[in-house]
Amino acid sequence: QVQLVESGGGLVQAGESLRLSCAASGSRFIIYNMGWYRQAPGKQRELVAVIRIGGSTDYTESVKGRFTISRDNAKNTVYLQMNSLRPEDTAVYYCNAQWSTLVAWGQGTQVTVSS
């Protein structure tokens with residue numbers, strides 16, 4: 001019954017910004033970890049950023065200094081602020097949430113960055 005719904009993707013020009021949102025529903029238990037993954041055509045899915053319940057974060061090297069992950073625990077929502085976007089950021093971005101015994105994925109939202 002748990003669902004994750006992403007929003008905020010779109011087509012932008014290089015250097016512009018987007019903010020992705022992902023709202024989890026269907027569970028009243030605490031989400032320990034929330035993160036964003038992405039997958040470009042012909043490439044493996046990779047972790048972009050993760051935020052833990054205590055607020056600590058990790059980012060993949062290519063987005064450090066440009067992307068910021070945050071969460072609103074009251075709303076069970078995770079955000080990804082993406083600044084200084086590059087064409088190589090083009091991918092389908094997937095939201096992920098991890099409870100103590102459950103992992104859920106969103107359907108994905110397309111981010112396209114034109115040069």
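Asp89 and Arg66 form a salt bridge, with their closest N and O atoms 2.8 Å apart; the term denotes a side-chain nitrogen of Lys or Arg within 4 Å of a carboxyl oxygen of Asp or Glu. This pair links distant parts of the chain, 23 residues apart: Asp89 lies in the loop between strand E8 (77-82) and strand E9 (91-98), and Arg66 in the loop between E6 and strand E7 (67-72). Strands (E, at least two residues) are DSSP runs numbered from the N terminus.

The model is predicted; local features need pLDDT of at least 70, side-chain atom pairs count only at pLDDT 80 or more, and totals for chains, interfaces and linings use all residues. Residues are numbered from 1 along each chain as its sequence is written, and side-chain values use heavy atoms, without hydrogens and water.

Asp89 is buried, at 1% relative accessible area, and Arg66 is buried as well, at 7%. Here buried means under 20% relative accessible area, exposed over 50%, and partly exposed in between (1.4 Å probe, protein chains only). Salt bridges with shared partners join Arg38, Glu46, Arg66 and Asp89 into one network. Within it, Arg38 is buried at 5%, whereas Glu46 is partly exposed at 31%.

The whole structure holds five salt bridges, including those tabulated here.

| Salt bridge | N to O distance |
|---|---|
| Glu46 and Arg38 | 2.8 Å |
| Arg52 and Asp58 | 2.6 Å |

Arg52 is partly exposed at 32% relative accessibility, and Asp58 is partly exposed at 37%.

Ile53 occupies the loop between strand E5 (46-52) and strand E6 (57-59) and is partly exposed, at 39% relative accessibility.

Notes: Helices (H or I, at least four residues) and strands (E, at least two) are DSSP runs, numbered from the N terminus.
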